[in-house]
Amino acid sequence: MIQNPEIDLARKFVWFTNRNVFLTGKAGTGKTTFLQNLKSNPVKRMIVIAPTGVAAINAGGVTIHSFFQLPFGPILTKRVTGAASQPNSNERLYRFSKTKINIIRSLDLLVIDEISMVRADILDGIDDVLRRYRRPELPFGGVQLLLIGDLQQLPPVVKKEEWELLKPYYDTFYFFSSYALAKSKPVNIELKTIFRQRDEDFIRVLNEIRDDKLTPASLKKLNKQYHPSYLNGDNDGYIILTTHNAGAENINRQKLAKLNSKLYSYDAEVQGDFAPYNFPAPAKLQLKEGAQVMFLKNDSSFRKQYYNGKIGVVTELNKEHIEVLFPEEDERVDVQKEEWRNIQYTIHPETKNIEEKEIGKFIQYPLKLAWAITIHKSQGLTFEKAVIDAHAAFAHGQTYVALSRCKSLEGLRLSTPLSTDAVICDPTVQHFNNNVAAHEPDGQEFTRSKRAYQLMLLNELFDFRTIEKLISQLLKLLNENEGSVQGNLKAKLPELLKPHLLHLKDVSVKFMKQCERLFQENKYPETDVFFNERIVKASKYFKNYLENDWQPVVGSLYYESDNTAVLKSLDELSDKITEFITHKKIFLTSVAKGFELEKYLRSRALVHLEEPEKIRSKEKALTDTDVTHPKLYQQLKAWRYQLSNESGVALYSIVSQKSLRLIANELPTTIKQLGSIHGIGKKKLTQHGEDILEVVKGYCHRNNIPQRKDNGQPTVGNQKENTKQITFDLYRQGMDIPTISETRGLTQGTIERHLGYFIQHGELEITELVPEEKVNTIAPLIERNNTRSLTEIKHLAGEEVTYADLHFVINHLKRMKTVDLS
């Protein structure tokens with residue numbers, strides 16, 4: 001790590017606070033090196049993104065648009081416009097993969113390189129995505145941002161029509177006009193030590209251009225480097241930096257054509273996913289002996305003979321060999337092919353670390369023709385010798401970028417004299433940079449930020465207000481829908497609020513006041529023994545209370561509802577409660593032996609990668625205090641569920657849960673008894689009475705429970721025989737199933753079960769109702785899958801098979817006694 005005060009301060013703000021950081025500095029001050037060092041030894045879970053493909057590959061990251069799936073046009077979020085819905089606002093409704101969502105939820109630090117090229121609305125678009133998957137009340141969802149770049153260099157590319165859409169909402173298109181960034185109050189750190197240039201006079205001239213204060217004396221000094229012959233004449237060892245791509249390509253083409261040596265072509269090898277617009281080197285490299293070339297990558301070998309931007313001359317080449325000479329060093333390099341990786345962020349299945357997964361590779365000699373390149377493509381490079389052709393500079397920062405690529409004034413040549421018109425500086429940027437310089441943080445601000453960050457983490461660890469809010473929301477939902485929710489929530493939840501939650505909050509508040517006093521005394525958990533001991537004891541106390549006092553109450557909670565909307569809301573709230581407590585216990589465990597920032601941050605991240613537990617088990621039976629005969633209740637629910645699937649009728653429209661509970665308590669075995677159950681009217685009695693009584697009678701028989709009798713009431717068995725026979729007689733008279741259903745006022749499912757009875761008892765042939773070829777298809781499926789549900793078997797059988805077909809074949813198999821389907 002480069003040792004200087006600004007770099008050290010920036011590192012501490014990034015690793016030991018949650019402040020968003022804008023790291024800026026003049027060209028050559030070590031911004032790129034700072035990022036490389038962060039990546040090599042990370043304390044936090046981080047990813048790197050950049051505005052362009054080449055910038056992302058050079059930074060070892062991915063593009064902003066590929067990771068966040070943002071549109072390329074203007075982005076107007078609801079938080080920016082204030083509108084409930086914004087027409088043509090490109091609201092993002094993309095579905096992220098589970099892996100990407102997990103990365104976002106477990107992320108600590110988001111690094112954006114080349115931030116000067118990022119529009120304000122793009123930053124707000126990132127904020128919108130992060131809030132969606134993390135904490136919606138916090139800027140960027142609570143993720144820390146490190147923004148790296150120099151605003152005096154190349155600005156965002158903004159079309160006129162795009163700015164017309166954005167300017168009603170933004171003061172400028174620069175990133176610092178982002179609404180979310182302004183709310184987060186970032187800390188701005190400028191790196192001041194310049195490593196690229198050593199010439200103090202040249203550094204002073206560059207600073208004047210950067211600050212839009214170029215003096216006549218400095219302009220005169222620069223224009224002494226005017227040498228018109230260098231643009232079109234001999235300029236060996238010099239690279240021309242020009243404003244437009246067409247000009248650079250034209251110069252390179254002409255220079256290459258003038259060489260009399262043999263032309264060789266070298267095709268790149270592309271593996272996997274690597275889009276052509278992201279190629280970091282020519283896909284077809286054409287060279288001749290004598291060609292001036294620039295290296296496009298640092299030497300990855302131990303020799304370290306070249307760096308990105310170093311200029312040389314091809315001295316020897318054939319189909320499989322390229323030799324380059326550095327004339328001033330009299331050193332020759334046998335150039336080998338280099339690899340560039342296109343990566344995708346993923347999560348390791350075992351370590352759960354965020355990792356770079358290679359999805360593509362570009363293999364080529366790290367060279368390109370370099371008599372000329374554009375100023376835009378020179379950003380981030382360093383040259384010993386350069387010819388600056390900036391007379392046609394058209395954008396803020398272009399002249400500064402071009403001149404600051406050179407190591408010294410002696411290595412600089414101008415193709416035309418510079419005028420003040422060629423030095424374009426945006427006053428908005430200048431004002432922002434002046435503000436940065438005037439409000440630079442110091443060690444005291446770092447100390448305050450570190451203290452605030454650790455206090456926030458401890459508050460998060462020992463705070464129980466979130467769970468109180470969730471339980472209150474759950475109670476409100478129950479009160480608003482009391483008639484449609486069964487279970488014990490209303491009786492049990494107040495027990496969680498008082499005394500348990502009241503006690504937890506009281507102890508938590510007292511403990512946090514003690515923590516605040518220790519922080520005010522400039523003590524920190526990681527360095528103060530007493531502070532750390534208090535945290536260890538507190539974590540043990542709260543974890544034991546949650547496991548021994550809280551969990552038994554939560555474990556006994558149960559609810560159900562026929563109202564799908566209410567049930568969904570209940571599920572969501574109860575899952576949030578369980579998730580909160582599960583996470584709380586994991587966090588408390590992570591500090592059981594003492595508070596270590598990196599270990600605690602990792603525990604915070606990893607909880608987002610685990611599947612949350614649920615309060616309510618889908619298969620959990622009611623306790624005896626809820627229903628007298630819980631097994632019967634489950635059987636009745638299963639019958640209702642199957643009938644709902646077959647008929648497409650909602651569960652509550654068949655029989656309500658409340659009525660099923662009453663049936664499971666009272667055990668009606670006659671039509672009269674069933675008709676006395678609340679919620680079972682004449683229509684339901686006619687449609688489903690027989691089926692319900694059959695379930696109840698079967699349960700009573702299997703459990704040796706005497707059936708209730710009514711004086712003068714026919715037995716349920718005789719009723720069933722009579723009603724089935726009526727159906728069978730109508731069928732024999734030529735009526736089809738829909739007609740019998742309509743005539744008798746019974747559901748088609750009931751009529752089908754009546755006829756199935758006669759198939760089982762040999763009075764009706766299966767082929768009268770199901771074609772033989774279909775029987776031959778269905779029967780083996782049922783025999784092989786007799787432990788599966790009817791719904792699963794139907795899914796296996798295909799859409800051409802109906803539930804009626806399945807019922808008829810099951811009765812046929814019962815008759816044949818080839819499968820136990822009782």
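In strand S13, glutamate 323 is the bridge partner of glutamate 316. Strands here are DSSP runs of E with at least two residues, and helices are runs of H or I with at least four, numbered from the N terminus. The model is predicted; local features need pLDDT of at least 70 and side-chain atom pairs count only at pLDDT 80 or more, whereas totals for chains, interfaces and linings use all residues. Residues are numbered from 1 along each chain as its sequence is written, and side-chain values use heavy atoms, with hydrogens and water left out.

Strand S12 (residues 311-318) and strand S13 (residues 321-326) run antiparallel and are joined by five bridges. Pairing requires at least two DSSP bridges between two strands. Both strands belong to an open, antiparallel sheet of five strands, in the order S14-S13-S12-S11-S17. Strand S14 (331-335) and strand S17 (367-369) form its edges; each has a single partner strand, so one side of each lacks a neighbour in the sheet. From one strand to the next, the twist averages 40°. Axes are lines fitted to C-alpha atoms, for helices over the stretch in contact, and angles between N-to-C directions run from 0 to 180 degrees.

A second open sheet has four strands with parallel pairing, in the order S18-S7-S19-S20. Its edges are strand S18 (372-374) and strand S20 (412-414); each has a single partner strand, so one side of each is left without a neighbour in the sheet. Direction ignored, neighbouring strands of this sheet are turned by 25° against each other on average. Helix H13 (residues 245-258) packs on the sheet and touches strand S7 (239-242) and S18. The direction of H13 makes about 165° with that of S18. Contact means heavy atoms within 4.5 Å. Strand S19 (residues 386-389) runs parallel to S20, and three bridges join them. Alanine 386 is placed opposite leucine 412 in S20.

Leucine 107 lies in the loop between helix H6 (98-105) and strand S4 (109-112). The residue is buried, at a relative accessible area of 2%. Buried means under 20%, exposed over 50%, and partly exposed in between (1.4 Å probe, protein chains only). Beyond neighbours within four places in sequence, leucine 107 contacts Arg45, Met46, Ile47, Arg134, Val143 and Ile354. Leucine 107 and aspartate 805 are 698 residues apart in sequence and 53 Å apart in space, C-alpha to C-alpha.

The domain assignment gives domain 1 (5-80 + 94-194), domain 2 (200-432), domain 3 (451-573), domain 4 (630-703) and domain 5 (723-820). These bounds come from an automatic or database domain assignment. The centres of domain 2 and domain 4, taken over C-alpha atoms, are separated by 81 Å.
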